[in-house]
Amino acid sequence: MSSSPAPCSRSWSISEDSLRRYVQFASESCIQELLAASVTNKGNGNDGWKVLTLENGVEISKRRSDSLHTFRSRWVLRSVSPQQFITVANAIDAAKQWDSDLVEARYIKDLEDNLSIIRLRFGDNSKPLFRNREFIVYERRETMEDGTLVVAVASLPKEIAAGLHPKQSNAIRGLLLQSGWVVEKLEDDSCVVTYVVQLDPAGWLPKCFVNRFNTKLVMIIENLKKLAQACPSEGEI
């Protein structure tokens, strides 16, 4: 009588220095992709982005390459500096205020002042591809030479993630290929914000999901606007 083999679950234990070097290398391409997505195309739309909605100054676009779907939202925040916005968007303890689907967000490890490992957990009532999922991601924060602020976020490989934080039995370990913010300063102490998130649903993405995800992006944008506008400017602190 033979028994079924137990499911194989691999995890890698690596040194903090190796983890730091991996994340620095992996995040570099994510930063470049985010910067490229933030460039406004003044041509005929030949960069692959398709505008889904454009309302109240907020543009939401989608681009597809094979099974990968990338969503982009862009908007201008008047009288809000890049630092004010990033202070709000990067405050992990306040993340649930602008993303109601998020159940828990906490730091697992700080590798450098601008480099962290974070666990994100979403509940049963979250949108598809996030429902009952947890993500082990890196977050890298950089300031470019022109003052543009970039925050790059992506999942760690599943073996490294399992070594850092074993998966909860009742959760699904999700995969966030890349996401993040690009915040560009304007002359009147306002800023242009671009938010990008890339998903891999492994095939066709139903239109109903696109519509629900658009709604989620609009909700996040509105919540962030309110929080950023209420955040004290540098001169008020």
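In helix α1, the buried residues are Leu19, Arg20, Val23, Ala26, Ser27, Cys30, Ile31, Leu34, Leu35, Ala37 and Ser38. Buried means under 20% relative accessible area, exposed over 50%, and partly exposed in between, with a 1.4 Å probe and protein chains only. The model is predicted: local features need pLDDT of at least 70, side-chain atom pairs count only at pLDDT 80 or more, and totals for chains, interfaces and linings use all residues. Residues are numbered from 1 along each chain as its sequence is written, and side-chain values use heavy atoms, with hydrogens and water left out.

Helix α1 covers residues 16–38, and its 23 residues reach 32 Å from first C-alpha to last. That is close to the 33 Å expected at 1.5 Å a residue, where the expected span is 1.5 Å times one less than the number of residues.

The chain as a whole has five helices and ten strands, taken as DSSP runs numbered from the N terminus (helices H or I, at least four residues; strands E, at least two). Of its 237 residues, 46% are buried.

Next come the cores. A nonpolar core is a set of buried Ala, Val, Leu, Ile, Met, Phe, Trp, Tyr and Cys residues joined through side-chain atoms within 4.5 Å. The largest one has 41 residues, of which Trp75, Phe85 and Trp181 touch the most other members. Helix α5 (residues 207–230) gives this core its largest share, eight residues. Apart from it lies another core of 22 residues, including Ala26, Leu115, Leu156 and Ala161.
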